[in-house]
Amino acid sequence: MGSKTSIFWGDRDQEFNFHAISWLKTRSIRVRSLKCSRVTAPMAVNISHIGSCLDWLSVGDERIVDNSIARLVAGCLNLHHLDLSYCHNITDDSIKIVAD
């Protein structure tokens, strides 16, 4: 019997923390929408691993940096909406990566 994959549509109002993202990463769950705050570099890596179906992502966090944005964009190829509100530590380099 092959593995089953579930689609998790997410919740644009409910925030997910590092532990929730790690849990999703260990399952075959495809995530469509995700809202996160307190995004650390390890959390960005986990999001990028579950992000192949992600089309809506909010990472409003003043601590997120360019490296994390680059990791997110590289792993979330189907992303149509990326909310970077309150991401004061990103530079124009991140905006260029997102635009490409």
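The nonpolar core

A: The largest nonpolar core has 23 residues, and those with the most contacts inside it are I21, L34, C36, I47, V59, I64 and L72. Such a core is a set of buried Ala, Val, Leu, Ile, Met, Phe, Trp, Tyr and Cys residues joined through side-chain atoms within 4.5 Å; buried means under 20% relative accessible area with a 1.4 Å probe, protein chains only. At least two core residues each come from α1 (18-25), β3 (29-31), β4 (33-36), α2 (41-50) and α3 (66-75), and α2 gives the largest share, four residues. Helices (H or I, at least four residues) and strands (E, at least two) are DSSP runs numbered from the N terminus.

This is a predicted model, in which local features need pLDDT of at least 70 and side-chain atom pairs pLDDT 80 or more, while totals for chains, interfaces and linings use all residues. Residues are numbered from 1 along each chain as its sequence is written, and side-chain values use heavy atoms, without hydrogens and water.

Beyond its neighbours within four places in sequence, L72 is in contact (heavy atoms within 4.5 Å) with A44, I47, S48, L57, V59 and I64. L72 is also one of the buried residues of α3, with D66, S68, I69, V73 and G75; their cover includes α2, β5 (56-58) and α4 (92-99).

I47 also belongs to the contact of α1 with α2: F18, I21, S22, L24 and K25 in α1 meet P42, M43, N46, I47, H49 and I50 in α2.

Conventions
Buried < 20%, exposed > 50% of the residue type's maximum accessible area, 1.4 Å probe, protein only.
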